[in-house]
Amino acid sequence: MALNIFVNFTTDDLDRSKAFYEALGYSINPMFTDDNAACVVLSDTVYFMVQTREFYATFTDKQIIDPHTQAGASVALSQDSREAVDAIVGRGLEAGGTEPRPAQDYGFMYSRDLEDPDGNNLSFLFMEPAAVEKGPEAFMTEQGAGAQATA
């Protein structure tokens with residue numbers, strides 16, 4: 001059986017969250033979606049469970065943070081190209097998300113952060129295939145740029 005990953009987020013408005021994630025190009029699995037939570041399908045093995053704060057609280061005895069003001073986690077999602085990174089972040093901005101900082105270009109890796117309307121942080125990134133294979137330092141050395149990143 002394949003390993004499935006379920007990332008849980010809180011939301012103050014479940015319908016708004018479903019619309020946001022659908023605007024990014026993901027689908028909602030209606031079999032695991034109700035008035036308390038929505039199952040956002042990213043791939044055959046990766047899912048976001050977007051849950052009302054009240055429902056999320058039933059799974060933990062810890063304080064539930066406000067993702068607008070506190071960082072709980074940052075989820076990084078790879079894309080096939082720099083253009084794909086820009087496209088998905090663009091769709092997210094049009095759907096009510098915010099970009100909390102400028103794009104980060106390290107030569108071997110390009111990434112942009114996107115916060116959903118509830119403040120949950122997503123990072124979308126593209127890494128040069130040769131950097132994945134050889135490592136960032138070797139890739140940058142081959143490119144004649146050394147191991148220093150550009151921002």
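**Exercise 1. Determine the strand order of the open sheet of 4 strands and its edge strands.**

Solution. The open sheet of 4 strands runs in the order β1-β4-β3-β2, and its pairing is mixed. β1 (5–11) and β2 (27–29) are the edge strands, each pairing on one side only. From one strand to the next the twist averages 35 degrees. Axes here are lines fitted to C-alpha atoms, for helices over the stretch in contact, with angles from 0 to 180 degrees between N-to-C directions. Strands (E, at least two residues) and helices (H or I, at least four) are DSSP runs numbered from the N terminus, and two strands pair if DSSP finds at least two bridges between them.

The model is predicted: local features need pLDDT of at least 70, side-chain atom pairs count only at pLDDT 80 or more, and totals for chains, interfaces and linings use all residues. Residues are numbered from 1 along each chain as its sequence is written, and side-chain values use heavy atoms, with hydrogens and water left out.

**Exercise 2. Describe how β2 pairs with β3, and state whether Asn29 is buried or exposed.**

Solution. Step one: β2 and β3 (residues 37–41) are antiparallel and share 3 bridges. Ile28 has Val40 of β3 as its bridge partner. Step two: Asn29 belongs to strand β2. Its relative accessibility is 19%, so Asn29 counts as buried; buried means under 20% relative accessible area, exposed over 50%, and partly exposed in between (1.4 Å probe, protein chains only). Step three: beyond neighbours within four places in sequence, Asn29 is in contact (heavy atoms within 4.5 Å) with Cys39 and Val41.

**Exercise 3. Identify the residues that touch the most other members of the largest nonpolar core, and the elements that give two or more residues to this core.**

Solution. A nonpolar core is a set of buried Ala, Val, Leu, Ile, Met, Phe, Trp, Tyr and Cys residues joined through side-chain atoms within 4.5 Å. Of 24 residues in the largest one, those touching the most other members are Tyr21, Leu24, Tyr26, Val40, Phe48, Leu122 and Phe124. Two or more residues come from each of β1, α1 (14–23), β3, β4 (46–52), β5 (74–78), α3 (82–94), β7 (109–115) and β8 (121–127). A second, separate core has 6 residues, including Phe108, Met109, Ala131 and Met140.

**Exercise 4. Classify the ring pair of Phe6 and Tyr47, and that of Phe55 and Phe59.**

Solution. Rings of Phe, Tyr and Trp (its six-membered ring) pair if their centres lie within 6.5 Å; planes under 30 degrees apart count as stacked, over 60 as edge-to-face and the rest as tilted. This rule gives 6 aromatic pairs. For Phe6 and Tyr47, the centres are 4.8 Å apart and the planes at 15 degrees, so the pair is stacked. Phe6 is in strand β1 and Tyr47 in strand β4, so the pair ties together parts 41 residues apart in sequence. Phe6 is partly exposed at 46% relative accessibility, whereas Tyr47 is buried at 15%. Phe55 and Phe59 are edge-to-face, with 5.1 Å centre to centre and 90 degrees between the planes. Phe55 is partly exposed at 27%, and Phe59 is exposed at 58%.

**Exercise 5. Work out why β8 is largely enclosed, and which strands it pairs with.**

Solution. In β8, 6 of the 7 residues are buried, so this strand is largely enclosed by the rest of the structure. β5 and β8 run parallel, joined by 5 bridges, and Leu77 stands opposite Phe124 in β8. β7 and β8 run antiparallel, joined by 7 bridges, and Met109 stands opposite Met127 in β8. The hairpin of β7 and β8 has 5 residues between the strands, and there Gly119 takes a positive phi near 95 degrees.
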